[in-house]
Amino acid sequence: MNTILSKENINMKVKLAKIYNALEVFRKLLNQDLPVTVSYQFTKLFKTLDTRFNVLETARLELVKEYGESQENGDVKVMDADSKSKFLEKFNELLETEVDLDWKKISIEDLGSQVTLTVPELNSISYLFNEFD
């Protein structure tokens, strides 16, 4: 029985900050050759993470509107120190929110020998792998 495709996934609690900080790494993995079973598992995960990220990004943009100022070009930016401080406080509160991910940890070896990640990239998704328990 292939352990990657087994139905023994667990609900893993992960803070939104980990998802937010790893977005570029997930996008990078989407563009790399992975073994089919790992691709399948990551595809399911990416769909969930994409939804989580979109909700988070919508909330972030609402905070920018709330604490920001309209610019001449139509953009909204958080400019002054007090507003920036309030924005960061609220956004960091949001990033501390824990969400459930349906994921069974895999071995780094399951990614195959073709995948390349930097040390910081690997650290940003370390919660997905057995080696980091």
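## Aromatic pairs

Six aromatic pairs are counted in this predicted model, where rings of Phe, Tyr and Trp (its six-membered ring) pair if their centres lie within 6.5 Å, and planes under 30 degrees apart count as stacked, over 60 as edge-to-face and the rest as tilted. One of them is the stacked pair of tyrosine 20 and phenylalanine 53, at 5.8 Å centre to centre with 25° between the planes. Tyrosine 20 lies in helix 1 and phenylalanine 53 in helix 3, so this pair ties together parts 33 residues apart in sequence; helices here are DSSP runs (H or I, at least four residues), numbered from the N terminus.

Tyrosine 20 is partly exposed, with a relative accessible area of 26%, whereas phenylalanine 53 is buried at 12% (buried means under 20% relative accessible area, exposed over 50%, partly exposed in between, with a 1.4 Å probe and protein chains only). Tyr20, Phe53, Phe87 and Phe91 form one aromatic cluster.

## Helix 2 against helix 3

Contact, meaning heavy atoms within 4.5 Å, is made by Leu23, Phe26, Leu29 and Leu30 of helix 2 and by Phe42, Leu45, Phe46, Leu49 and Phe53 of helix 3. Leaving aside its neighbours within four places in sequence, leucine 45 touches Phe26, Leu101, Trp103 and Leu128. Phenylalanine 26 is buried, at 5% relative accessibility, and phenylalanine 46 is also buried, with a relative accessible area of 11%.

## Basis of the values

Residues are numbered from 1 along each chain as its sequence is written, and side-chain values use heavy atoms, leaving out hydrogens and water. Local features need pLDDT of at least 70 and side-chain atom pairs count only at pLDDT 80 or more, while totals for chains, interfaces and linings use all residues.

Technical notes. Helices (H or I, at least four residues) and strands (E, at least two) are DSSP runs, numbered from the N terminus.
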